[in-house]
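Please open the model in your viewer and follow the stops below in order. Each stop says what to select and then what is to be found there.

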There are 2 protein chains.
Amino acid sequence: MELNGRNLIGYQEYSNGNSTFQTIHPTSLELLPTLFSNATFEETDKAVQLASSAFEMYASTTRNQRIKFFQAIHHHILDLGSDLMDIFQEESGLSFQRAVAERTRTLGQIQLFIEIIEKGDWMKASIDSPLPDRKPIPKPDIRKQLEPVGPIVVFGASNFPLAYSTAGGDTISALASGCPVIVKSHPMHAGTGELVARAIIQAAKETNMPEGVFSNLNSNTYEIGSYLVKHPHIKAVGFTGSITGGTALMKIANKRTEPIPVYAEMGSVNPVVVLPEILELQMIRTVQQLAQSIRLDAGQFCTHPGLIFTLDSSLSHTFRTQLATELNTQKPQAMLHPDIWNVYQKNSASHLAFKEVQEITTPRELVKNHITPTLTTTSGKTFLKNPLLAEEVFGSYSLVIVCTNLTELTSCLDRLKGQLTGSIFATPKELISKRILIQTLKSKVGRLIFNGVPTGVEVCQSMHHGGPYPATSHSHYGAVGHEGILRWTRPVSYQNWPDELLPKALQNSNPMDIMRTIDGEWSHKKLA
Amino acid sequence: MELNGRNLIGYQEYSNGNSTFQTIHPTSLELLPTLFSNATFEETDKAVQLASSAFEMYASTTRNQRIKFFQAIHHHILDLGSDLMDIFQEESGLSFQRAVAERTRTLGQIQLFIEIIEKGDWMKASIDSPLPDRKPIPKPDIRKQLEPVGPIVVFGASNFPLAYSTAGGDTISALASGCPVIVKSHPMHAGTGELVARAIIQAAKETNMPEGVFSNLNSNTYEIGSYLVKHPHIKAVGFTGSITGGTALMKIANKRTEPIPVYAEMGSVNPVVVLPEILELQMIRTVQQLAQSIRLDAGQFCTHPGLIFTLDSSLSHTFRTQLATELNTQKPQAMLHPDIWNVYQKNSASHLAFKEVQEITTPRELVKNHITPTLTTTSGKTFLKNPLLAEEVFGSYSLVIVCTNLTELTSCLDRLKGQLTGSIFATPKELISKRILIQTLKSKVGRLIFNGVPTGVEVCQSMHHGGPYPATSHSHYGAVGHEGILRWTRPVSYQNWPDELLPKALQNSNPMDIMRTIDGEWSHKKLA
């Protein structure tokens, strides 16, 4: 499929603006040929207007219509075949294997939401029976379900051109709930975005979805994103990216006449605690697990392990030396984009500017837009004195903190901001005796991991991918898997509402045959 | 029980400040004798420090310990007997019947949360089994539950001295989740608040809860409330009150280094649509239901029906005349406080300042802090031109809007901000043919009511007491009943965590015998 760089707005294509941009090949640093047309404010308005008029009709599509739409999206993304795999690699510098894995995950998420739509219990349908003879006043018939809030704007992640972008978890969960979606395409992979957007739009057309259920806007400046978040017809925002980007959007959203939620997944340093006994038992396994996690795809993951806390001992010194040795074997890897590489250089240098921070990997020749893993080390004391050392360095960089005792280690954890994950490498016996340490770590994170690395986020109902601020803007919600759908909904109660006018999920005969709570108990029951 | 006006901080009492205030008898306008000591910043710090140190211990109390605490709260509130009923009436001017009804509701809410704690499914415990042989990578063991976020600040409502105040839905749901609570007592009913706070603290002591699980601070200025919301150890806020108050707290909370959620329930005009056919069939019943709802306790409810939309006809003219006649029979009622009365006078006058707005009830002699119901009327055209007419007048005031046709009526509804409720009086046949009108109304509200009034909020699982902004700050959450507890929690996932260190709800043997989702299916199952 040919790219044309136009904005895909409902079922039309536009390139009315005067400014364009190109994506870049991260290895060769050559510009790719497509000229992407920056969306104009008029084009943006058009996308929002269409999404807004599509809302009622899309929200009232039947379960089967929505499933057919999702099956068609699945089909057309798969159908993009090697065109998609090629542009993914050209724009991201990531490997073919990664391209395939990310497509598999993207398609898996679509399949998951087909199952969620089919099952229908995401709506949390709930019925309380009336008690017309209750004294002093009768109890009315009350029913409740979750309903979609309206048009959503999604800002994709730079580091997941497929799985967290155009048809990623935010878009798919929002569409599953019944909300139209406008994607502000990530300018670093606008070509990958365009192909996926075309697949979604083709699916929408084929399955007779209302025009405007999905649009894709190109932009390499902040204005269009801000304009979208300000737009009164937009009801919520999904964002994956930096703390700076996320908090800027939150500010805009909070200033609106009607403030709206920005569900932002922002930075995380994913603290890892390595205790002594496990090193005695499983030194090599621990070193290899961590090394693999640190160097994976140049460390460009929200779950990258950026801080490793150890207790001072000859064993922990061996551990960090072996970890550095293992990381020294890694060949240079391209980062996603020179802008990301520049930030990496700046942030890693800011750590190394402290004379108490030493690099333990072997420095290598600087190659533009390429990095090799950097492992540094410092004392717990230095870490406690310098809050900058707790800040994320996005990329294959980790800091080993050597603490003199458990109290110091716990104090270090207590200084951290909210994180997506926290890992502990320990024997079960070690863990049992470290209650305060675990409590402190838990208070900072959304996921606790035992003897494992934070990278590799399993998509399942029990996964929570979110954490206290600033890991995510709303610690109650996650961006991965089932619970993502809740972000785009609100409950609506119906009091004494005529049965034939109730939404299907709440009707007496349970025509969707879904699980509902009836007077507090889960069941598939029909009511008389 | 004697009131002493001191701040109840953990298990101590303080009155270190220099300034005091008194509550007022709304009918006689005499000051009540107790001097309430305004909390100092140091006292406030003390309350937060205690709540913060109590958090871990309180969060890890067993289900039975927490139930015993709640049973003791229930017992001690009931035990306050006529002391509580007396001060309630003295400070609010509300009737003995209302005092009893509100106590019943308060105790009912405590009983409800005892059942919720007992049942345990509020935690949404969820387990995904591992697949150690899965290719290319094994699936880990992942489990998840909701956990309390930390110390909560509750601002009670002026208009519900018991049910939405010191031991109201916010406090009780937060304590049920495992969060310590600091109440910023409402200065209009500080005595009622003190008695209830003493009951909670006595219950906490008797059942060996950690000191600081509950504190009660007096303040009749904004500083202590702002200071609490800014305090880094506070993790969420519950507020019921005005849009001005709620949005001010939201601003403070959003500006923190770690922004926190303010769950604010703010104003609502609760639009009511009255269609022609129902007036033909049930004029008297409709008039009486609405009249009773409008005049109930001087209309001082968040669910007061403030706007009534009708279609122009002789029938609807009869309707509004009869409604006015019925309201004219109401004797003057005291408002909760002269400050509220002053705002009522100002806001109702601002409506009547429009020459196109006419009063249809008979004006009566002005008695300080007392009102009789006021019914006014205007055209749909005037309503559309003047957004001020869509703003809440808190008290026994309703505006009847006479629209020329259904399109105008729908446009009027479309101009509304978010509301708690929307009612339609109609025959089922009328309703079926008014799809756009219903859609428009639904997009603005959290609860749709058929042939009923918005007052009288049933506490049950299917009740949603919340709505799009500004009815509530987070339209996903309600302040009444079961779902209130979700506001004080966040999910935590445990990956490959040793069984004996998991929270009880997630352990293999299901020692709490609660419903959990295991690989996506609800069950009471134990795992091997």
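**A helix pair in chain B**

Begin by selecting residues 223-230 and 243-255 of chain B, which are helix α7(B) and helix α8(B), and look at how they pack, with their axes 9 Å apart and at an angle of about 35°. The crossing in which α7(B) passes α8(B) is right-handed. To see the contact itself, display side chains for Ser226(B), Val229(B) and Lys230(B) on α7(B), and for Leu249(B), Ile252(B) and Ala253(B) on α8(B). Keep in mind throughout that this is a predicted model.

**Chain A as a whole**

If you colour chain A by burial, 57% of its 528 residues come out as buried. Among the contacts in chain A with a separation of 6 or more, 75% are between residues 24 or more positions apart.

**Strand β7 and its partners**

Next select residues 152-155 of chain A, strand β7(A), where Ile152(A) and Val154(A) point one way, Val153(A) and Phe155(A) point the other way, and all are buried. With helix α5(A), residues 169-177, included in the selection, β7(A), α5(A) and β8(A) can be traced as a right-handed β-α-β unit. Strand β10(A), residues 236-240, is likewise parallel to β7(A) and joined to it by four bridges, and in β10(A) the residue opposite Phe155(A) is Phe239(A).

Stay with strand β10(A) and centre the view on Gly238(A), which has its place there. Is Gly238(A) buried or exposed? It has 27 C-beta neighbours inside 10 Å and therefore counts as buried. Gly238(A) lies 84 residues from Val154(A) in sequence, yet their C-alpha atoms are 4.7 Å apart. Leaving aside residues up to four places away in sequence, Gly238(A) touches Ile152(A), Val154(A), Phe155(A), Asp170(A), Ala174(A) and Tyr263(A).

**A sheet that spans both chains**

Bring chain B back and follow the open, mixed sheet of twelve strands, in the order β15(A)-β17(A)-β18(A)-β13(A)-β12(A)-β19(A)-β20(A)-β21(B)-β6(B)-β5(B)-β22(B)-β23(B). At its edges stand β15(A), residues 358-359, and β23(B), residues 521-523, each with a single partner strand, so one side of each has no neighbour in the sheet. For the step from one chain to the other, select residues 445-450 of chain A and residues 489-495 of chain B: these are β20(A) and β21(B), which run parallel and are joined by three bridges, with Ile449(A) and Gln495(B) as bridge partners.

On this sheet, helix α11(A), residues 338-352, packs against β15(A), β17(A) and β18(A), its direction making about 30° with that of β17(A). Helix α9(A), residues 276-295, lies across β12(A), β13(A), β18(A) and β19(A), and runs at about 150° to β12(A).

**The contact between the chains**

Finally, select the residues in contact across the two chains, 49 of chain B with 49 of chain A. On the chain B side, β5, β6, α14, α15, β20 and β21 each supply at least two residues, and β21(B) gives the largest share, six residues.

Note on methods
Residues are numbered from 1 along each chain as its sequence is written. Chains are lettered from A and ligands numbered from 1 in the order in which they are written. This is a predicted model: local features need pLDDT of at least 70, side-chain atom pairs count only at pLDDT 80 or more; totals for chains, interfaces and linings use all residues. A residue is buried if 20 or more other C-beta atoms lie within 10 Å of its own, exposed if 12 or fewer, and partly exposed in between; C-beta atoms are placed from the backbone. Two residues are in contact if their C-beta atoms, placed from the backbone, lie within 7 Å. Two strands pair if DSSP finds at least two bridges between them. Axes are lines fitted to C-alpha atoms, for helices over the stretch in contact, and angles run from 0 to 180 degrees between N-to-C directions. A crossover is right-handed if, with the strands pointing away from the viewer, the path from the first strand over the helix to the second runs clockwise. A crossing is left-handed if the near helix is turned anticlockwise from the far one by less than a right angle, and right-handed if clockwise.
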